[in-house]
Amino acid sequence: MSPSHIEPVTLAPSRRPDAARSPERPRVLILGYGNPGRQDDGLGPAASAQIEALGWPNVTAYDNYQLNIEDALEVADHDVVWFVDAARSGPSPFAIRALEPAASLEFTSHLVRPEAILAMAHQYYGAAPQAFLLGIRGYEFEFLEGLTPAAADNLQLAVEMLKDRLGASQPWVAS
């Protein structure tokens, strides 16, 4: 299934001027964020866990409740970054948006946008990885554990898309 609202995305080598990595093997970061104790808000961490379980070389996956300024260091060490979060609205099963660094004026200690993390990675580490926001459609965000059935279906479709995109950049992985 290929939703029509998704732009074609190609994985490119790092835009870091000092990158010495092979363009055939970009280092990819999957950064899932959200609160698994709030139902579908756990979509980002769930996607990250599924990608991490693949054990693919050059792919790092981890999760957190929210983005933190410390994430800029990890982002700076990768060529391609996928920020994965639950979407409260928008298309189902998911949407992808390319990201560019942008300093955020609404920065607080409790909300850091992916664009601000990219800006910090660039400003402090000279890194400019290719970056995307993957918003997986969620439906319920109450203080309960576990994904709703519709969100779990969206998660599987999003993970399959990620596996296809990541597999295309990992020549040693059989599709």
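Student: On what basis are the values computed?
Tutor: Residues are numbered from 1 along each chain as its sequence is written, and side-chain values use heavy atoms, with hydrogens and water left out. Because this is a predicted model, local features need pLDDT of at least 70 and side-chain atom pairs count only at pLDDT 80 or more, while totals for chains, interfaces and linings use all residues.

Student: What percentage of the residues in the protein chain is buried?
Tutor: A residue is buried under 20% relative accessible area, exposed over 50% and partly exposed in between (1.4 Å probe, protein chains only). Of the 175 residues in the protein chain, the buried share is 47%.

Student: Among contacts between residues at least 6 apart in sequence, what share joins residues at least 24 apart?
Tutor: A contact means heavy atoms within 4.5 Å. For the protein chain, the share of such contacts that join residues at least 24 apart is 80%.

Student: Which elements are included in the cover of the buried residues of H1?
Tutor: Helix H1 spans residues 43-52, and its buried residues are Leu43, Gly44, Pro45, Ala47, Ser48 and Ile51. Their cover includes S1, strand S2 (59-64), S3, S5 and H4.

Student: How many salt bridges does the structure hold?
Tutor: Side chains of opposite charge can pair when their charged atoms come close. A salt bridge is a side-chain nitrogen of Lys or Arg within 4 Å of a carboxyl oxygen of Asp or Glu. The number of salt bridges in the structure is four.

Student: How many residues apart are Arg27 and Asp77, which form a salt bridge?
Tutor: The closest N and O atoms of Arg27 and Asp77 are 3.5 Å apart. Arg27 lies in the segment before strand S1 (28-33), and Asp77 in the loop between helix H2 (71-76) and strand S3 (80-87); the pair links distant parts of the chain, its sequence separation being 50 residues.

Student: Which residues are linked with Glu115 in a network of salt bridges?
Tutor: Arg97 forms a salt bridge with Glu115, with the closest N and O atoms 3.1 Å apart. Arg97 is in strand S4 (residues 94-99) and Glu115 in helix H3 (residues 114-125), so this pair ties together parts 18 residues apart in sequence. Arg113 also meets Glu115 in a salt bridge, at 3.4 Å from N to O. The residues linked with Glu115 in the network are therefore Arg97 and Arg113.

Student: Is Glu115 buried or partly exposed?
Tutor: Arg97, at a relative accessible area of 40%, is partly exposed, and Arg113, at 35%, is likewise partly exposed. Glu115 has 8% relative accessibility, so the term for Glu115 is buried.

Student: The charged end of which residue sits over the ring of Phe141?
Tutor: A charge sits over a ring if NZ of Lys or CZ of Arg is within 6 Å of the ring centre and within 35 degrees of the ring normal. Phe141 lies in the loop between S5 and H4 and is buried, with a relative accessible area of 9%. Leaving aside neighbours within four places in sequence, the contacts of Phe141 include Ala86, Ala87 and Arg88. The charged end over the ring of Phe141, 4.1 Å from its centre, is that of Arg88.

Student: How far apart in space are Leu144 and Gly37, C-alpha to C-alpha?
Tutor: Leu144 lies in the loop between S5 and H4. Not counting residues up to four places away in sequence, Leu144 touches Pro36, Gly37, Arg38 and Gln39. Leu144 and Gly37 are 107 residues apart in sequence, and their C-alpha distance is 5.4 Å.

Student: With which residues is Thr148 in contact, leaving aside its neighbours within four places in sequence?
Tutor: Thr148 is found in the loop between strand S5 (130-137) and helix H4 (149-168). Thr148 is buried, at a relative accessible area of 11%. The residues in contact with Thr148 are Gln39, Asp40, Tyr139 and Glu140.

Technical notes. Helix = DSSP H or I, 4+ residues; strand = E, 2+ residues; numbered from the N terminus.
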